[in-house]
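The notes after it walk through how the inside is put together.

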Amino acid sequence: MPKLKILYMSNNLVKDWAEFVKLAELPCLEDLVFVGNLLEEKHSAEGNWIEEATKKMPKLKKLDGTPVVKEDEEEDN
């Protein structure tokens, strides 16, 4: 799946980062819907989901329907 750009993976039972980081091997992935997974629910409750997920997948442009804005891009503006 090297050309996969969008992946809807909501409402699964992914519960740890080891499974999540496997998605980083997809070179063109830029839009990921991951809501409803145990991992996302836990980190959303802690308030650090987007920050942690985008650290592990820096090429993402959109996560769970929300555009990803990176800090270095904000500083350039």
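What follows is a quick tour of the core, its aromatic rings and one of the helices.

Keep in mind that this is a predicted model. The place to start is the largest nonpolar core, which has 16 residues. Phe20, Leu23, Leu32, Phe34 and Trp49 are the ones with the most contacts inside it. Helix 1 (17-21) and helix 3 (49-56) each put at least two residues into this core.

Zoom in on Phe20 for a moment. Skipping neighbours within four places in sequence, Phe20 is in contact with Val14, Leu32, Phe34, Leu39, Trp49, Ala53, Lys56 and Met57.

Now for the rings. Searching the whole structure turns up 5 aromatic pairs. In one of them, the ring planes of Trp17 and Trp49 sit at 15° with the centres 5.8 Å apart, so this pair is stacked. Trp17 belongs to helix 1 and Trp49 to helix 3, so the pair ties together parts of the chain that are 32 residues apart in sequence. Phe20 and Phe34 make an aromatic pair too, but an edge-to-face one, with 5.1 Å from centre to centre and 85° between the planes. This pair also links distant parts of the chain: Phe20 is in helix 1, while Phe34 is in the loop between strand 2 (31-33) and helix 2 (38-46), 14 residues away. Ring pairs join Trp17, Phe20, Phe34 and Trp49 into a cluster.

How buried are these rings? Here are the values for the cluster:

| Residue | Relative accessibility | Class |
|---|---|---|
| Trp17 | 19% | buried |
| Trp49 | 4% | buried |
| Phe20 | 0% | buried |
| Phe34 | 0% | buried |

The cut-off for buried is under 20%, so Trp17, at 19%, counts as buried.

Which residues of helix 2 are buried? They are Leu39, Glu40 and His43. These three cover an arc of only 95° around the axis, which puts them on the same side of helix 2. After helix 2 comes Gly47, with a positive phi near 85°.

Definitions and conventions: Residues are numbered from 1 along each chain as its sequence is written. This is a predicted model: local features need pLDDT of at least 70, side-chain atom pairs count only at pLDDT 80 or more; totals for chains, interfaces and linings use all residues. Side-chain values use heavy atoms; hydrogens and water are left out. A nonpolar core is a set of buried Ala, Val, Leu, Ile, Met, Phe, Trp, Tyr and Cys residues joined through side-chain atoms within 4.5 Å. Buried means under 20% relative accessible area, exposed over 50%, partly exposed in between (1.4 Å probe, protein chains only). Helices (H or I, at least four residues) and strands (E, at least two) are DSSP runs, numbered from the N terminus. Contact means heavy atoms within 4.5 Å. Rings of Phe, Tyr and Trp (its six-membered ring) pair if their centres lie within 6.5 Å; planes under 30 degrees apart count as stacked, over 60 as edge-to-face and the rest as tilted. The arc is that of the directions from the helix axis to the C-beta atoms.
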